[in-house]
Amino acid sequence: MGTRWDQSTGGGVRAEAGRGAESLPREGVSPGILRSEMLLVLAVSLGASGVSALISFVGSLTKPGGLKDQAATLNGSYAPGRPWLDLSWQLFGIATSLVPVVLVAHLLVREGAGVRSIGFDRARPWFDLGRGALVAAGIGSAGLAFYLVARASGFNLTVVPEALPEVWWKYPVLILSAIQNSVLEEVIVVGYLLRRLGQLGWTPMAALVASSVLRGSYHLYQGIGGFIGNLVMGVVFVLLYRRWGRVGPLVAAHALLDIVAFVGYGLLAGKVGWLPTP
């Protein structure tokens, strides 16, 4: 929930990223058009998810019982008892969720920049994977601890990362879902949004707050803990993006976090006492 040349020094990366964020598109698009474009991209992607999550959270708050007694399922079955139809729906959902990313790539190409401008390319795969793994290791342990505390304190729903049937495609679909989440969120909420806000004259601090609050907003369906935890993650990811000039490491980190969460829950749920289940 991006960025993606100078391969020798981090300073060169930051300088290039800074120039891209401050310059308007070559075609001379007005700030008003850029603002409308940005709002429309968010309206068909994670901005709409934020509104949906808020409505869901209000529903959870007004429902009898505490938040921790309710569940938020991330990957559920679309056609229980019909595995092939279920698989078709799963793949359809993953594919259509990536359409906003394709739209952003198209808009960046029209601008004359392309996705390389946000560091979403294959120029530095080992850098992206290595840095992403380090970030995932640090955030993953802290995030799990924060979730357990938030749920125990009554600020979070019980998160169910997966509730898919025990069929052969279960774990491949969970991995694809994790990758889809990471690409969608990091490309739009970090790389694209920060670029557009910079072009519109927002200060670095205001852009950081906007990106982080947006990330927290579409996780609000999980509860207050989900909002705060992802807001903090958003701050960290924006700072790392500005340091590296690439969303590639953030996509890798996010994908690894979700893969561990989805697959790990599938393997451990009901078998260990410390992992909450509905």
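Q: How many helices and strands does the chain have?
A: Ten helices and two strands, where a helix is a DSSP run of H or I with at least four residues and a strand a run of E with at least two, numbered from the N terminus. This is a predicted model, in which local features need pLDDT of at least 70, side-chain atom pairs count only at pLDDT 80 or more, and totals for chains, interfaces and linings use all residues. Residues are numbered from 1 along each chain as its sequence is written, and side-chain values use heavy atoms, leaving out hydrogens and water.

Q: In what order do the elements of the chain run?
A: Starting at the N terminus, you get α-α-α-β-α-α-α-β-α-α-α-α.

Q: Why is the chain called as compact as a globular protein of that length?
A: The globule rule is 2.2 Å times the number of residues to the power 0.38, with the radius of gyration taken over C-alpha atoms. For 278 residues the rule gives 19 Å, and the chain's radius of gyration is 19 Å, close to that, so the chain counts as that compact.

Q: Why does valine 236 count as partly exposed?
A: Buried means under 20% relative accessible area and exposed over 50%, with partly exposed in between (1.4 Å probe, protein chains only). Valine 236 has 34% relative accessibility, so it's partly exposed. You'll find valine 236 in helix H9.

Q: Which helix gives the most to the nonpolar patch?
A: That's helix H9, residues 224–244, with four residues.

Q: How much of the chain is buried?
A: Of its 278 residues, 46% count as buried.
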